[in-house]
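Subject: A structure for you to explore

Hello! I am handing over a structure that I have been looking at, and I hope you enjoy exploring it. Please open it first and then read on.

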Amino acid sequence: MPKKVSIVTLGCLKNTVDTANLSRRLKADGHEIVTDAADADTIVVHTCSFIEAAKKESINTILEAGRLKGDDKKLIVTGCLVQQHGKEIFDDLPEVDAFLGTGQLGQVAELLKNPRARFMDRANPGGFMDPDLPPHPAFGALSRRERDGVAQGEGSATGILRLSEGCSHPCSFCVIPRLRGAVQSRTEETILSEARQLAAQGVEEFSIIAQDSGDWGRDSKSKGRLPSLLRSVAQIPGVRWIRLMYMHPASFTDELLDVFAEQPEKFPYLDMPFQHIDSEMLSQMKRMTDEAGLRKLLERIRTRAPQLTLRTTFIVGFPGETSAQFKRLIGFIKEGWFDYLGAFTYSKEEGTPAALRTDQISDKVKKDRLAILTNAYYDVAHAKAQTRLGSTETIVLEETEGNTVLGRTRREAPEIDAIVRLPQSVARNGRFVTAQITGYDAYEFTAKPV
């Protein structure tokens, strides 16, 4: 019997791709994907476990789903929380019918056909990358954000291309290799086929993702061919913007820089997590970089691709971080190399080398440092935004809010960067519009159509 299934996706874009592929698999089997969990026969919660805050969100979401479950619904919990904590959550969450690890998401389809007694399976870490299915709709329908009007969903102008699963880097703070396994690259043929399918459906901008985009091909014959792959995606008819996300600085090459320099309109954005700038901190984090190398990298990028939007991520409160090292990080941020940045406090994750250290930083100090960093970046972001006032830019529309429409320019990645607010009347002009930036306040631009 066909089932109504509600899928709740938590965490990163990799999880979004997992559940988009699961949705394809279930639809191919005749099941219906519903937004409201209360209307579902089966609720699937795809969890995140990257840091402590993500674990708490996952647990709270599971408990909320459990309250909706009643006697008739099934509740399946999948993903990183299961992979990391296993028996512990199996015992603590009796309302859950099945627990599946990161590499077992494909079993959901079989469970809908042949229900089993309560069980757990997390045999092999990984992800749900290439189900054997016909062309699929653009990603977006399973986003946590409710959208309407010009909402992203099937037929979206925005798509995600995942290059690989897993990670082979040794970062001392990160649990991802345990949760997702070593890098497993998709083939170039598969990636390009997917890109062509999505472009044919109207997708005009892509986010290229992996645990480390530069890691693609490390496990296969595709090694070193990322620049070629990106150029091939750029040549697909209709593709307007390509953003390269999650690039480890140690993986970035001059050949990749050539791509950004050659086609600045097609490649407007690079996300490259630095995590810190102090060389000793970077060494203890096992980031395979140091301050001198990172600065030289930034200088090369800004010289050859000055229009490139740069985003990064920093960790504050890593074990042993001194006041002087933190101040060095703040000074670096104030230099204004980055257009956007994210930051989070160090989270002590079981099974990582950093968690065994005895020089842990107190929660209060970590929170105080995060606040200082956020304020420092706010000033940088405000100053950069002022240089854009009066400029005319192309904006992709995403959702309505009251009598306005929210969108982004090529300089902003979906859901994590600043938004642009426009009059609702511009939605009559299509998904992409031309507008003049007129104002900025607290990570929000305003614009008027031209």
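Below is what was found in it, topic by topic.

**Before you start**

This is a predicted model, in which local features need pLDDT of at least 70 and side-chain atom pairs count only at pLDDT 80 or more, while totals for chains, interfaces and linings use all residues. Residues are numbered from 1 along each chain as its sequence is written, and side-chain values use heavy atoms, with hydrogens and water left out.

A word on the labels: helices (H or I, at least four residues) and strands (E, at least two) are DSSP runs, numbered from the N terminus.

**The open sheet**

Let us begin with strands. Strands of a sheet pair through backbone hydrogen bonds, either parallel or antiparallel. Here, two strands count as paired if DSSP finds at least two bridges between them.

Six strands form an open sheet in the order β2-β1-β3-β4-β5-β6, and their pairing is parallel. At the edges are β2 (32–33) and β6 (119–121), each of which pairs on one side only.

You can follow β4 to both of its neighbours. Six bridges pair β3 with β4 in the parallel sense, and Val44 has Ile76 in β4 as its bridge partner. Three bridges then connect β4 (residues 74–79) to β5 (residues 98–100), again running parallel; Val77 is partnered with Phe99 in β5. Is β4 mostly covered or mostly exposed? Five of its six residues are buried, so to speak mostly covered. Buried means under 20% relative accessible area, exposed means over 50%, and partly exposed is in between (1.4 Å probe, protein chains only).

Helix α1 (residues 13–28) lies across β1 (4–9), β2 and β3 (42–47), at about 170° to β1. Helix α2 (residues 52–69) lies across β1, β3 and β4, and runs at about 175° to β3. For these angles, axes are lines fitted to C-alpha atoms, for helices over the stretch in contact (heavy atoms within 4.5 Å). The angles run from 0 to 180 degrees between N-to-C directions.

**The barrel**

Further along, five strands close into a barrel in the order β15-β16-β17-β19-β18, with mixed pairing. On average, neighbouring strands of this sheet are turned by 55° against each other, direction ignored. Ile437 has Ala447 in β19 as its bridge partner.

**Aromatic rings**

How many aromatic pairs does the structure hold? There are 14 of them. Rings of Phe, Tyr and Trp (its six-membered ring) pair if their centres lie within 6.5 Å; planes under 30 degrees apart count as stacked, over 60 as edge-to-face and the rest as tilted.

Phe274 and Phe332 make a stacked pair, because their ring centres are 6.3 Å apart and their planes are at 15°. This pair links distant parts of the chain, 58 residues apart: Phe274 is in the loop between β12 (269–271) and α10 (279–284), and Phe332 is in helix α12 (residues 323–334). Both are buried. Together with Phe314 and Phe338, Phe274 and Phe332 form one aromatic cluster.

Some rings have a charge over them, meaning that NZ of Lys or CZ of Arg is within 6 Å of the ring centre and within 35 degrees of the ring normal. Arg116 lies over the face of Phe119, 3.7 Å from the ring centre.

**Cysteines**

There are zero disulfides, a disulfide being a pair of cysteine sulfur atoms within 2.5 Å.

Most residues other than glycine have a negative phi. Tyr246, which is not a glycine, has a positive phi of about 60°, and it is found in the loop between β11 (241–244) and α9 (254–262). Gln275 also has a positive phi, near 75°. Gln275 lies in the loop between β12 and α10 and counts as buried, at 8% relative accessibility.

Happy exploring!
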